[in-house]
Amino acid sequence: MTDVKKRIIEEIKQWDSIIILRHVRPDPDAIGSQAGLKELILTFFPDKKVYLGGETEPSLSFLSEMDEISEETFEQSLVIACDTANTERIDDERYQKASKLIKIDHHPEVDRYGDIQWVSTDASSTCEMITELYLELSNDTPENDLARLLYAGIVADTGRFKFSNTTEKTFRYASFLINASFSRDEIHEKLYEKKRNVMKLEGFVLSNVDVMPSGAAAIKLTKSVLENYQVTSKDSSAIVNCFSTLEGLKAWVFFVEEEDIIRVRLRSKEPIINTLAEQYNGGGHPMASGASVATWEEADELIKKLNQLCEDAS
Ligand SMILES: [Mn+2]
C-alpha cells in the first residue's frame, strides 16, 4: 500500500538515529534487506546515523557486517525489523527498549507487532519490498552497494527466479537494480559456493533420502552423521533443495539433530506445508517452512502427516 510506505518514510525523516534488525539465523534476504535499507536511508538522508543489529553471520559477511550498538542507542532510536514474522525471532531483543518499532516483512503474519507494519505476502522477498520503498523516493539507478544487497536477497529468496513467489514485479525490480554496476557473477558465486564437507554430505543425502510412493521424501541428519561429515546444522541448510528435481517428488522434510532439538526444514512443490510446520513449533511460507521436534518418534509422526498431505494432493 502506498500509504504505509509514505508513513514509513515520514517516520524515518523524524529520527536522527535508526537501528535496523532482522531475524535470527539470517539468510541473504534478511541481511540484504537490513543492510539495503540502511543504504537506502543514507542515500536520501545522508546525515542520519544508521546501525545494523544482530549477530554477525560469517558466511554472509560478504553482504554486510553488523555494528556494535549500545543500550542508550536503542533507547534513542527508531527500530525497524526486516524479514521477521514474529517478535521472538527478532535478532536483538533490546528492540523492546525502543519507543517506536516498524515491521517490514513478506512472511505470512505470525505476530502483529510494531507501531507501523508493512506486511506484503505477495512480495517474493523483503528485498523486493525495500526496492519498492526506494522507487517511492526515486527512479534513478540506485548506488551500487544498495542495488547489490537488494539483488542478492531477491535472487536467494526466489531460488534464482525459479520459485512461484517470483512475479512480473520481481523481474521488473531486478531489471531495475541491475542498471547499477555491481558484479552479479560475484554474488551468484558467493551465494552458491559450497564447502567440500557440505558437498560430501550432499552425496550422503542423495544416497539416503527416503522417498515414499506418495511423493513425500524425508532425510534424517543425526548428530553422528553431522559429526562424520564435520558439518554444522546451519551449514546443512545449504543442501535442503539438493534433490528437489527428483521425478514425482511433491514435498520433503530435512531433520537435523541439534543440541536439544531436532530442527525441521519443510519444502513443497504441491501441498501447503506451513500448516504442518505450525503444529510443530514452526511456520513460514506455504511452500517453505521451518519447525522443530523433540524426539525421533515425533519426527516419524511428522513424516506420516507429510505423507498424508502428499497422498491427498494427488
Ligand atoms: Mn525473506
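Residues are called buried at under 20% relative accessible area, exposed at over 50%, and partly exposed in between (1.4 Å probe, protein chains only). The structure described here is a predicted model, in which local features need pLDDT of at least 70 and side-chain atom pairs count only at pLDDT 80 or more, while totals for chains, interfaces and linings use all residues. Residues are numbered from 1 along each chain as its sequence is written, and side-chain values use heavy atoms, with hydrogens and water left out.

An unreviewed UniProt entry assigns "domain: DDH" to residues 17-154. Over residues 17-154 the chain is 33% helix and 18% strand, with its end C-alpha atoms 27 Å apart; helices (H or I, at least four residues) and strands (E, at least two) are DSSP runs, numbered from the N terminus. The annotation "domain: DHHA1", also from an unreviewed entry in UniProt, spans residues 228-311.

The packing of the interior comes next. A nonpolar core is taken as a set of buried Ala, Val, Leu, Ile, Met, Phe, Trp, Tyr and Cys residues joined through side-chain atoms within 4.5 Å. The largest such core has 47 residues, and L37, I41, I80 and I104 touch the most other members. Helix α5 (residues 144-157) gives the most to this core, contributing nine residues. Apart from this core lies another, of 20 residues, including V253, F255, V293 and A299. With contact meaning heavy atoms within 4.5 Å, L37 meets I20, G32, I80, C82, I104, I130 and L133, once its neighbours within four places in sequence are left aside.

What about the cysteines: how many disulfides does the structure hold? A disulfide is a pair of cysteine sulfur atoms within 2.5 Å, and the count is zero. For C82, the nearest cysteine sulfur belongs to C127 and is 8.3 Å away. C82 counts as buried because its relative accessibility is 0%. C127 is likewise in no disulfide, and its nearest cysteine sulfur is that of C82. With a relative accessible area of 0%, C127 is buried.

Aromatic rings give a further set of features. Rings of Phe, Tyr and Trp (its six-membered ring) pair if their centres lie within 6.5 Å; planes under 30 degrees apart count as stacked, over 60 as edge-to-face and the rest as tilted. The structure holds nine aromatic pairs. One of them joins F204 and Y229 in a tilted arrangement, 5.7 Å centre to centre and with 55 degrees between the planes. This pair links distant parts of the chain, since F204 belongs to helix α8 (residues 196-208) and Y229 to helix α9 (residues 223-229), 25 residues apart. Y229 is partly exposed, because its relative accessibility is 24%. Elsewhere, ring pairs connect Y151, F161, F171 and F182 into a cluster.

Charged side chains also meet rings. A charge sits over a ring if NZ of Lys or CZ of Arg is within 6 Å of the ring centre and within 35 degrees of the ring normal. The charged end of R160 sits over the ring of Y192, 3.6 Å from its centre, and K48 lies over the face of F45, at 5.7 Å from the ring centre.

Most residues other than glycine have a negative phi. R25, however, has a positive phi near 45 degrees. R25 is placed in the loop between β1 (17-22) and α2 (28-44), and at 35% relative accessibility R25 is partly exposed. N281, also not a glycine, has a positive phi of about 55 degrees. N281 occupies the loop between α11 (274-278) and β10 (283-285), where its relative accessible area of 63% makes N281 exposed.

Two further positions complete the survey. D91 lies in the loop between β3 (78-82) and β4 (100-105) and counts as buried, because its relative accessibility is 11%. Not counting residues up to four places away in sequence, D91 touches L21, R22, H23, V24, G53, G54 and E55. Y51 is found in strand β2 (residues 49-52) and is partly exposed, with a relative accessible area of 21%. Among the contacts of Y51, beyond neighbours within four places in sequence, are S17, I18, I19, I20, D67, I69 and T73.

Terms used: UniProt positions renumbered as here; feature names shortened; annotations may be inferred.
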